[in-house]
There are 2 protein chains.
Amino acid sequence: MDLQAASKDQLQQWAQQLEAEYETIKAQKLGLDLTRGKPSAEQLSLSNAMDGILDGNYSDDAGTDCRNYGGLDGIAGARALGAELIGAPASNVMAGGNSSLTLMHQAMSVAYHYGLNGPESAWNKQEKATFICPVPGYDRHYGVCEHIGINMVTVGMDANGPDMDAVEKLIKEDSSIVGMWAVPRFSNPTGVVYSDDVVARIAKLGNIANANFRVFWDNAYAVHALSDDAPQLANIWQACKEAGTEDSVLQFASTSKITFAGSGVAFLAASDANLSDFKKSLGFMTIGPDKVNQLRHVKFFAGDHALAEHMNKHAAIIRPRFESVLNHLQAAFGNNELGQWESAQGGYFISFDTQPGLAKEVVSLASEAGVKLTPAGATFPYGQDPQNSNIRIAPTVPTVEQVDEAMKVFVCCVKLASVKQALAA
Amino acid sequence: MDLQAASKDQLQQWAQQLEAEYETIKAQKLGLDLTRGKPSAEQLSLSNAMDGILDGNYSDDAGTDCRNYGGLDGIAGARALGAELIGAPASNVMAGGNSSLTLMHQAMSVAYHYGLNGPESAWNKQEKATFICPVPGYDRHYGVCEHIGINMVTVGMDANGPDMDAVEKLIKEDSSIVGMWAVPRFSNPTGVVYSDDVVARIAKLGNIANANFRVFWDNAYAVHALSDDAPQLANIWQACKEAGTEDSVLQFASTSKITFAGSGVAFLAASDANLSDFKKSLGFMTIGPDKVNQLRHVKFFAGDHALAEHMNKHAAIIRPRFESVLNHLQAAFGNNELGQWESAQGGYFISFDTQPGLAKEVVSLASEAGVKLTPAGATFPYGQDPQNSNIRIAPTVPTVEQVDEAMKVFVCCVKLASVKQALAA
């Protein structure tokens with residue numbers, strides 16, 4: 001389908017065909033959903049042994065009674081699990097509650113209101129505090145900034161990660177910059193893994209930024225590869241150590257998409273100085289995390305390779321869904337200009353860019369035809385995609401057959417919107 | 001021991017006897033601890049059936065898969081459990097994570113930064129925001145205020161609860177007052193239950209205070225009576241409804257001292273308007289609470305009277321410890337002026353007032369003799385007890401024998417400090 005080369009007659013013919021196809025789909029009254037970035041019931045069932053795993057023994061290896069109060073850092077075994085996910089020393093990892101979003105919101109609140117390096121380092125001492133947001137990105141990250149009152153500026157993403165020239169330029173030119181979001185492996189939603197060069201450059205930002213600058217490194221999909229040959233992520237803890245910028249990065253992870261989405265364990269890894277100030281505030285907010293649930297995780301992942309083997313089972317469930325999406329996209333748009341995407345090799349999303357100006361129309365067409373998609377714009381701060389082209393596809397919850405069905409609709413909607421746009425031009 | 005009537009010779013004789021007794025105790029090198037307001041291992045074991053209770057079924061009665069994301073309000077069964085604890089409609093109860101302190105900090109943060117009745121209602125719009133703190137009280141409550149930047153003023157507590165004349169006067173005369181702390185049943189640390197009259201007057205505060213005034217009603221010990229004839233607490237939800245002040249009270253509770261201290265479920269009950277604004281902010285902080293743990297609680301307390309029977313078991317464990325403390329106090333100070341206390345009939349604490357000026361000395365003497373007590377001053381905002389007389393006694397963790405041993409030391413230290421003070425006068 002070469003819209004540029006096509007004659008008006010050809011375009012009209014395509015439009016008619018696509019309208020007919022679209023009406024046929026609509027008549028089926030489908031009820032499909034590609035919005036939900038969460039595990040399927042089949043995936044969740046991989047961890048069903050979690051409840052009851054303690055067998056009446058609520059003490060960890062150190063003899064801590066996990067049922068009682070206390071222990072702001074989490075139990076040692078859980079911190080070690082977090083260290084394995086994040087690639088930082090366990091002594092610099094805190095194991096928290098069920099939500100890394102909560103940890104991120106808390107960390108940003110502390111950085112903004114109280115400071116991560118003493119009260120004078122609080123971002124609210126500045127006239128304006130601005131975060132760099134690689135786009136497309138994760139809407140809940142933007143929500144945290146918006147809620148706390150932090151301004152956002154965007155930089156583009158490509159197959160290597162954020163546009164680092166743009167990031168470095170912003171930091172040098174805009175003194176209000178206090179941090180940057182990053183989803184470094186299987187990024188939400190583009191699925192890209194930051195290249196070694198990008199990781200190294202991010203680690204060095206602490207040398208050109210002001211002392212209060214913090215990268216919020218949300219490694220939500222650290223071990224969520226679809227196959228063994230998926231790209232690895234360079235270790236930013238190590239890179240920061242080499243660059244002398246340990247204080248400039250806060251790392252987050254969780255088991256939400258490993259065990260139970262709502263009942264996992266969240267982790268924060270940070271330098272001694274950052275952890276110390278964070279915990280000063282955290283101690284006002286809680287007496288400690290749910291250590292019993294942490295202990296369940298420790299026991300569930302005891303033994304060599306337990307985590308890797310568990311993630312292989314997730315991959316086996318998710319892979320056919322990703323393949324279905326990618327196959328449909330390749331078949332429909334592999335040889336034309338109607339769409340662009342990355343071949344995500346892990347994570348939970350595939351990100352699709354229509355021709356400029358069509359994302360809302362495609363989402364709306366799909367919705368009318370019984371396929372729910374994430375609202376266009378959600379992958380940008382303030383819900384504003386300046387190109388109106390990005391759509392996030394989340395294929396994990398539906399069955400493979402449902403993904404297949406939904407992608408047929410999706411493809412039809414993209415084509416229809418594109419042809420109509422060409423006709424109107 | 002009548003210090004006022006005693007001659008100097010008599011005082012010196014007492015001092016010598018007590019010094020000798022104290023040195024004998026010191027020589028024993030005890031290691032006792034009356035500081036910890038937490039359940040004993042024996043109490044925690046009452047809930048050991050919690051892990052494994054789901055038997056592979058992670059769905060609640062409504063069919064919700066509790067393993068997955070979502071559901072900011074918590075699951076219906078957990079909200080019903082919270083409603084039972086709090087005495088408010090389940091539809092006005094949220095079930096959260098493992099910590100009511102976290103809910104209180106979040107609620108106060110929202111009230112301060114964002115407002116519980118639209119942005120203009122945020123307390124930080126005022127030049128100063130002040131909380132009324134009945135004293136003695138709970139140090140972590142003061143910590144939340146201090147952390148967020150809310151000023152504190154104190155009012156006294158007596159056997160009926162806070163001095164309501166003082167509370168009403170403050171509200172009428174000080175426009176910076178935005179709220180008040182309350183631990184209404186088995187108050188921390190005095191153990192008193194607010195009288196019906198006090199509850200009714202607190203419910204009416206919303207009619208004399210400004211619209212943004214909120215009582216933080218921390219009903220941490222709602223069902224923690226030591227016997228069936230312990231005083232009941234009037235229902236403030238009902239009282240607010242009658243007074244038309246539903247928006248003026250936020251109620252908190254948790255199962256931390258019912259099931260597992262660190263792995264319970266926390267609850268917030270509030271008016272529709274308060275809940276709505278709170279959830280607007282909460283939605284930026286989390287995708288939802290640990291619903292699996294909520295489901296465990298629902299199953300654990302299924303059936304009529306399950307909660308009451310469970311609490312009776314706690315009472316049977318705690319009661320002898322409280323009796324030991326009260327017996328020692330009565331025997332030593334029942335017929336003199338050396339100390340005052342309330343006969344707590346529930347909760348986790350007994351609050352003891354020495355003669356003015358002696359609390360720090362008593363705590364220090366006890367510490368040197370191998371008995372750890374909560375630092376003097378901890379029961380007052382900013383750690384400042386103006387009378388230097390209040391000491392919080394927490395007898396739940398040690399064995400009955402240890403409590404007995406520790407109280408002998410405590411009594412000796414109070415007497416010694418008192419006699420030395422009288423001699424120095």
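Let's start at one residue: Pro162(B) is buried, because 27 other C-beta atoms lie within 10 Å. Buried takes 20 or more such atoms, exposed 12 or fewer, and partly exposed falls in between, with C-beta atoms placed from the backbone. Before going on, the model is predicted: local features need pLDDT of at least 70, side-chain atom pairs count only at pLDDT 80 or more, and totals for chains, interfaces and linings use all residues. Residues are numbered from 1 along each chain as its sequence is written, while chains are lettered from A and ligands numbered from 1 in the order in which they are written.

Back to the proline. Pro162(B) sits in strand 5 (residues 161–162) of chain B. Strands here are DSSP runs of E, at least two residues, and helices are runs of H or I, at least four, numbered from the N terminus. What does Pro162(B) touch, leaving aside its neighbours within four places in sequence? Pro134(B), Val155(B), Met157(B), Val167(B) and Val198(B). Contact means C-beta atoms, placed from the backbone, within 7 Å. Ala315(B) is 153 residues from Pro162(B) in sequence and 26 Å away in space, C-alpha to C-alpha.

Next, helix 11 of chain B, residues 306–333. It has 28 residues and reaches 39 Å from first C-alpha to last, close to the 40 Å expected at 1.5 Å a residue. That expected span is 1.5 Å times one less than the number of residues. Where does helix 11 of chain B bend? At Ile318(B), by about 35°, and Pro320(B) follows within four residues. The bend is the angle between axes fitted to the seven residues ending there and the seven starting there. Buried residues of this helix include His314(B), Ile318(B), Phe322(B) and Leu329(B). Their cover includes strand 11 (350–354) and helix 13 (400–424) of chain B.

Now the domains of chain A. Domain 1 is 8–43 + 309–424, and domain 2 is 60–303. Those bounds come from an automatic or database domain assignment. The C-alpha centres of the two domains in chain A lie 30 Å apart.

On to the two chains. 37 residues of chain A are in contact with 38 residues of chain B. Helix 4 (100–114) and helix 9 (272–285) are among the elements of chain A that each supply at least two residues to that side. How do the copies relate? Chain A can be laid on chain B with an RMSD of 0.0 Å, by a turn of 180° and a shift of 0.0 Å along the axis. The two copies are thus related as by a two-fold rotation axis. The superposition is by least squares on C-alpha atoms of residues with pLDDT of at least 70 in both. Gly52(A) comes closest to the axis of the residues of chain A, at 1.7 Å (C-alpha).

Last, some backbone details. Most residues other than glycine have a negative phi, and most peptide bonds are trans. A cis bond joins Val135(B) and Pro136(B), with omega about -5°. Asn188(B) to Pro189(B) is also cis, omega near 5°. Asp55(A) has a positive phi, near 55°. Asp55(A) counts as exposed, because it has 9 C-beta neighbours inside 10 Å. Tyr382(B) has phi near 60°, and Tyr382(B) is exposed, with 11 other C-beta atoms within 10 Å.

Conventions:
Two residues are in contact if their C-beta atoms, placed from the backbone, lie within 7 Å.
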